[in-house]
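Subject: Structure handover, with notes

Dear colleague,

Below is the structure that I am passing on to you.

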Amino acid sequence: MNKKAINILEFDKIRVRLAENAGSAAAKRRCEALVPMTDQTEIEAAQGQTGDALSRLFSSGNISFSGLKDITPLLKRLESGGILNAPELLALSSVMSIAERAKKYSEEVEEDSLSAFFEALSPLTLQKEEIRRCILSEDEIADDASPAIRDVRRRIKTAGDRIHEQLQKLVNGSLRTYLQEAVVTMRGERYCVPVKAEYKSQVPGMIHDQSSSGSTYFIEPASVVSLNNDLKELFIKEEQEIEKVLASLSADCSEKLDELYTDNSMLAELDFIFAKAKLAMDMNATRPVYGEERIIHLRKARHPLLDKKRVVPVDISLGGDYSLLVVTGPNTGGKTVSLKTCGLIAAMGQAGLHIPCGDRSQLAVFDDIYADIGDEQSIEQSLSTFSSHMKNIIYILKHADENSLCLFDELCAGTDPTEGAALAIAILRNIHRRGAMCMATTHYSELKLFALSEPGVVNGSCEFDVKTLSPTYRLLIGVPGKSNAFAISGKLGLDAGIIEDAKKNLSESDKSFEDILAALEANRLSLEKERERVEEMKRQAQSFKDKSRVNSEKLEDSTSRILEEAKEEARRILQEAKATADETIRNFQKYGSIDQIREMEKDRERIRSSMKKVSGSEVREKIYVDDAAGRVDPKRLKKGDSVRVIPMNVNGTVSTLPDERGNLFVQCGILRSQVNVKDLAYTAEEAKQKKTGQRGGSGMSGIKMNKAANVSGEIKLIGMTVDEALAALDKYLDDAYLSGIEQVRIVHGKGTGALRKAVQQHLRHIKYVKSFRTAEYGEGDAGVTIAGFK
């Protein structure tokens with residue numbers, strides 16, 4: 001593709017921004033060498049990879065390739081049997097770590113165009129961990145790298161300590177008066193002492209160094225020369241052992257050359273792809289659509305090199321009904337920016353980059369992009385502005401075809417306006433007949449007329465606010481623009497008399513054409529305001545419709561929920577009542593009279609009938625409290641009285657008498673609740689018995705007698721699970737407590753102790769259990785728990 005045009009459109013700056021998002025040198029080189037492609041299949045594939053990488057960034061977060069180095073030279077050395085040093089092995093380890101990190105990053109992600117890259121990675125975890133275990137840093141090998149290194153370093157420390165001890169004796173003894181300082185130092189990996197220059201002959205040994213002033217000699221005393229020689233040999237031995245470790249690690253890596261080559265190339269490719277995705281995220285860019293038709297339709301396009309918060313988006317369309325767009329308007333109105341935006345976005349799309357436009361923006365694939373933008377005046381080549389532009393235009397005319405995009409800024413400006421306009425029309429007509437897609441900016445009125453009369457050519461303009469005398473930077477398709485030279489000059493301070501004189505110099509045809517443009521602009525603005533008003537009304541109507549729908553759905557949900565809750569509550573209460581009735585009838589069948597049994601059967605049938613109505617969704621009215629029997633008189637209240645708990649709307653039996661605050665316990669089925677006497681009312685039957693002073697065999701005393709006769713003083717839980725045992729224990733304890741038994745035996749067995757622990761933990765939370773203990777020897781030992789009631 002035309003490099004000159006690519007540079008004019010500043011695609012090189014896009015490459016620089018792209019490279020900033022890459023982590024490795026190899027990926028940065030790929031970014032800096034990026035060029036637009038011309039094969040649509042390749043472009044679509046590259047766009048797909050960028051889109052999939054962007055999706056992964058949004059769903060899984062960022063992935064870092066920082067620290068990734070090109071290890072190709074190192075792998076070639078391993079291929080030839082070479083041994084890598086510590087920094088080079090750490091570089092391999094870094095690649096292995098990044099491959100491992102990338103592999104984990106790709107887990108639990110749906111298959112896409114990047115899956116093959118991630119699946120090809122081999123983390124080589126064992127080799128990486130072995131390198132990290134043996135090499136602590138570029139300058140340090142671990143003691144545990146091999147037993148031989150650990151041993152030789154231990155011997156080095158021992159030898160160093162012996163030399164140091166020997167020298168300390170000399171420093172603090174016979175040599176003290178000859179020394180510059182009473183210290184032990186090292187020169188060339190050998191221990192020395194600093195001796196004054198005048199006493200160097202008094203200290204027998206080897207001179208290794210001299211201070212810069214010449215006043216101090218660093219002498220290795222003769223008594224430690226042998227020890228220092230031994231230490232030197234140990235240092236050499238250490239280097240040999242380190243070399244063995246490095247050779248072993250290099251050999252391990254050479255066995256995985258194929259995997260390392262693959263990791264190296266795949267990671268660099270992924271780094272490059274994710275750099276494109278990160279650039280797209282930074283630009284708020286989207287994937288362009290490439291169709292079979294050659295159409296450019298950019299929605300809310302932004303120039304990628306301008307501040308995305310300040311740039312004004314433009315809509316640009318080319319292709320379809322017209323392939324040539326002539327853009328007019330005032331200077332500094334945004335014509336050139338729109339031109340560059342179109343060309344640069346086309347190049348970005350063909351390079352596999354997402355474009356800073358709205359969704360569903362369309363692009364066409366071009367074999368080449370040509371641009372004549374800016375001042376290319378050359379003093380060295382004796383070319384004027386017009387000449388330099390014409391030279392470029394001639395080149396474009398030689399090479400442009402139906403698969404080209406041509407961009408002209410101020411076409412044929414810088415010469416006589418009449419000749420320039422005629423030449424510009426001829427050039428554009430030639431380009432148009434070739435079938436090339438073209439966008440040109442101009443101030444020539446003749447080009448506006450050409451666009452109005454030529455098929456397949458359309459006018460465009462950069463909007464200008466006449467009231468504020470400033471551009472809005474919006475590109476309008478189908479509307480020719482005015483240069484507004486008089487208005488802008490007046491705003492800048494040009495004398496009004498001069499402007500009026502200039503207007504007199506316009507021909508009648510020019511004035512007529514300008515008046516037509518002004519009228520068209522006024523009509524356009526009026527229609528645009530009307531369209532905005534209609535759109536606002538549509539938005540308000542839709543908003544009201546949406547709110548009404550949401551409120552209606554909420555109301556339906558709320559109504560259904562309330563009805564369901566009421567039905568469920570009624571069903572629960574009636575179920576409890578039926579259970580109580582069934583239990584009572586079973587007791588009466590054993591010990592009651594025939595009349596009582598018949599009466600209870602009638603009550604149970606009545607309850608069953610009520611339950612059927614609830615189950616059949618026939619119950620709709622709120623359950624109410626029958627308070628006809630009157631409130632409870634605390635003075636007449638006795639244990640065993642049948643009462644209705646008004647707030648709960650359930651019947652129960654009085655378990656305790658009211659305290660000074662009027663609080664007491666009422667047994668409601670299996671629940672024992674604390675209530676206030678003010679919240680109680682006698683049941684109809686109880687009120688009648690209170691009135692007559694009689695109590696039949698169905699009172700609490702009868703129930704207690706029945707309970708006492710039926711409830712055993714022991715329950716066996718052996719063989720049950722914890723859940724089954726606790727459920728059975730709850731029912732048993734309720735029955736035992738109501739029957740008046742003071743103490744019970746709970747047989748749970750010894751086993752693992754889990755059931756005993758669960759039972760005793762459960763007993764701690766039962767309020768009417770006074771105490772409990774593990775049975776003693778002769779009572780069942782650890783297999784039995786004895787509980788007492790309050």
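**Strands around β23**

Strand β23 pairs with strand β25 (residues 784-789) in the antiparallel sense over five bridges, where a pairing requires that DSSP finds at least two bridges between the two strands, and where helices (H or I, at least four residues) and strands (E, at least two) are DSSP runs numbered from the N terminus. Before going further, please note that this is a predicted model, in which local features need pLDDT of at least 70 and side-chain atom pairs count only at pLDDT 80 or more, while totals for chains, interfaces and linings use all residues. Residues are numbered from 1 along each chain as its sequence is written, and side-chain values use heavy atoms, with hydrogens and water left out.

Together with helix α22 (residues 722-739), the strands β22 and β23 make a right-handed β-α-β unit; right-handed here means that, with the strands pointing away from the viewer, the path from the first strand over the helix to the second runs clockwise.

Gln-743 has its place in strand β23, and this residue counts as partly exposed because its relative accessibility is 48%, given that buried means under 20% relative accessible area, exposed means over 50% and partly exposed lies in between (1.4 Å probe, protein chains only). The C-alpha atom of Gln-743 is separated by 9.5 Å from that of Val-769, a residue 26 positions apart from it along the chain.

**Strands around β14**

Strand β14 (residues 437-441) is mostly covered, five of its five residues being buried. In a regular strand the side chains alternate between the two faces of the sheet. In β14, Met-437, Met-439 and Thr-441 point one way and Cys-438 and Ala-440 the other way, and all are buried.

Two parallel pairings involve this strand: strand β10 (residues 324-328) pairs with β14 over four bridges, with Met-439 as the partner of Leu-325, and strand β13 (residues 404-408) is joined to β14 by four bridges, with Met-437 as the partner of Leu-405. The strands β13 and β14 also form a right-handed β-α-β unit with helix α14 (residues 417-434).

**Two residues with positive phi**

Cys-412, in the loop between β13 and α14, has a phi near 60°, a positive value in a residue other than glycine, and its relative accessible area of 4% is why it is classed as buried. Asn-284, in the loop between α11 and β7 (289-290), likewise has a positive phi, near 55°, but its relative accessible area is 48%, so Asn-284 is classed as partly exposed.

**Aromatic pairs**

A pair of aromatic rings is described by the distance of the centres and the angle of the planes. Rings of Phe, Tyr and Trp (its six-membered ring) pair if their centres lie within 6.5 Å, and planes under 30 degrees apart count as stacked, over 60 as edge-to-face and the rest as tilted. By this rule there are nine aromatic pairs. In one of them, the ring centres of Tyr-768 and Phe-789 are 5.9 Å apart and the planes stand at 45°, so the pair is tilted. This pair links distant parts of the chain, with Tyr-768 in the loop between α23 (754-763) and β24 (769-774) and Phe-789 in strand β25, 21 residues apart. Both Tyr-768 and Phe-789 are buried. Elsewhere, ring pairs link Phe-65, Tyr-105, Phe-118 and Phe-274 into a cluster.

**The cavity**

A search of the whole structure finds one cavity of 30 Å³ or more, a cavity being a set of points on a 1 Å grid over the protein atoms alone where a 1.4 Å probe fits but cannot get out, with lining residues having an atom within 4 Å of a point. Grid points are joined across faces, edges and corners, and the volume is the space filled by probe spheres set on the points; for the largest cavity the volume is about 30 Å³. Among its lining residues are Ser-24, Lys-69, Asp-70 and Asn-264, and α3 (25-32) and α11 (257-283) each supply at least two residues of the lining.

Kind regards

Definitions and conventions
1 Å grid on protein atoms, 1.4 Å probe; cavity = no way out; pocket = protein on both sides within 12 Å on 5 of 7 lines; lining within 4 Å.
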